[in-house]
Amino acid sequence: MDDATVKATAILDYDNPCVQEILLRLGAARPSAREFIRLAHGHLSDVMRPIYSIAETQPASETFRLNGGSCSQRMACLEALARGYGIATRVR
């Protein structure tokens with residue numbers, strides 16, 4: 001995908017095998033975009049610990065590996081999952 005709104009980045013690294021595994025699991029039933037985001041948010045809420053961190057450029061795959069992160073790190077995980085599923089997110 002060449003569109004910057006769905007491209008993997010250094011932080012939104014949905015091409016990482018760890019993130020791909022979660023994408024496959026959450027997307028197995030081919031949910032709509034809205035349902036996928038709901039499932040991804042629920043997954044993150046269920047499994048990730050909120051922690052204090054100032055590593056704002058930490059890749060989503062590392063946050064998944066650590067199973068916890070700051071608000072912005074966990075939001076990056078949601079955004080990485082969205083992009084990996086083909087849902088465009090904002091580019092600044």
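At what angle do α1 and α2 pack, and how far apart are their axes?

1. **The helix pair.** This is a predicted model. In it, α1 and α2 pack at an angle of about 125 degrees. Their axes are 10 Å apart. Angles over 145 degrees count as roughly antiparallel, and 65 to 115 as roughly perpendicular. The angle here therefore makes α1 oblique to α2. The crossing of the two helices is right-handed.

2. **Who touches whom.** Look along α1, which covers residues 17-27. I22, L23, R25, L26 and G27 are its residues that meet α2. On the α2 side, the partners are F36, L39, A40 and H43. Sorted by class, this contact has 6 nonpolar, 2 polar and 1 charged residues.

3. **The aromatic pair.** How many aromatic pairs does the structure hold? The count is 1. A pair of aromatic rings is described by the distance of the centres and the angle of the planes. For F36 and Y85, the ring centres are 4.0 Å apart and the planes are at 5 degrees, so this pair is stacked. The cut-off for stacking is under 30 degrees between planes.

4. **What the pair links.** F36 sits in helix α2, residues 33-47. Y85 sits in the segment after α4, which spans 71-84. The pair therefore ties together parts that are 49 residues apart in sequence.

5. **Buried or exposed?** Take the two rings in turn. F36 has 0% relative accessibility, so F36 counts as buried. Y85 has a relative accessible area of 26%, and is partly exposed. The cut-off for buried is under 20%.

6. **R30, a backbone point to check.** R30 is not a glycine, yet its phi is positive, at about 55 degrees. Where does R30 lie? Find R30 in the loop between α1 and α2. At 73% relative accessibility, R30 counts as exposed.

7. N67 lies in the loop between α3 (60-66) and β2 (68-69). Its relative accessible area is 32%, so N67 is partly exposed.

Definitions and conventions. Residues numbered from 1 in each chain as written. Predicted model: local features only at pLDDT ≥ 70, side-chain atom pairs only at ≥ 80, totals over all residues. Heavy atoms only, no water. Phe/Tyr/Trp six-rings, centres within 6.5 Å; stacked < 30°, edge-to-face > 60°. Helix = DSSP H or I, 4+ residues; strand = E, 2+ residues; numbered from the N terminus. Buried < 20%, exposed > 50% of the residue type's maximum accessible area, 1.4 Å probe, protein only. Axes fitted to C-alpha atoms, helices over the stretch in contact; angles between N-to-C directions. Parallel < 35°, antiparallel > 145°, perpendicular 65-115°, else oblique. Left-handed = near helix turned anticlockwise from the far one by under 90°. Contact = heavy atoms within 4.5 Å. Nonpolar A, V, L, I, M, F, W, Y, C, P; charged D, E, K, R; others polar.
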